[in-house]
Amino acid sequence: MFGCVLIFVDEYTTGTQNWECPFCTLYNDDTNSFCDACEAWKCSMCTYVNNTRKKKCEMCYSDKPQLDVHQNELRESDA
Ligand SMILES: [Zn+2]
Ligand SMILES: [Zn+2]
């Protein structure tokens, strides 16, 4: 069953699409998967915002993304 509907409207918002955290009402940048204030996380599959304690998305059961915002540059990837 397909419960998730992806609708991206690019007509009036091109580039950044901020998302509002439903738990603390903070607006976060679209590139940020985690709320800066309460660490709620936005599902990358259906964009549903889950409580930080959830390990899977409530809507589509996708896994919680890794909190690796600052680790991308530090990671030593094999060439
Ligand atoms: Zn929040
Ligand atoms: Zn989801």
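**Fold and one threonine**

Guide: Start with the order of elements. Along the sequence, the chain reads β-β-β-β. Keep in mind that this model is predicted.

Visitor: How many helices and strands are in the chain?
Guide: The chain has 0 helices and 4 strands.

Visitor: What percentage of the residues count as buried?
Guide: 10% of the chain's 79 residues count as buried.

Visitor: And contacts? What share comes from residues 24 or more positions apart?
Guide: 18%, taken over the contacts in the chain with a separation of 6 or more.

Visitor: Switching topic. Which feature does UniProt place at residues 41-66?
Guide: The record gives "domain: RanBP2-type", from an unreviewed entry.

Visitor: How much helix and strand does that span hold?
Guide: Residues 41-66 are 0% helix and 15% strand. The end C-alpha atoms of this span are 10 Å apart.

Visitor: Now threonine 47. Where is it?
Guide: Threonine 47 sits in the loop between β3 (41-42) and β4 (49-50).

Visitor: Why does threonine 47 count as partly exposed?
Guide: Because it has 17 C-beta neighbours inside 10 Å. Buried would take 20 or more, and exposed 12 or fewer.

Visitor: Which residues does threonine 47 touch?
Guide: Trp19 and Lys42, leaving out residues up to four places away in sequence.

Visitor: What separates the C-alpha atoms of threonine 47 and serine 33?
Guide: 9.2 Å. The two residues are 14 apart along the chain.

Note on methods. Residues numbered from 1 in each chain as written. Chains lettered and ligands numbered in written order. Predicted model: local features only at pLDDT ≥ 70, side-chain atom pairs only at ≥ 80, totals over all residues. Helix = DSSP H or I, 4+ residues; strand = E, 2+ residues; numbered from the N terminus. Contact = placed C-beta atoms within 7 Å. UniProt positions renumbered as here; feature names shortened; annotations may be inferred.
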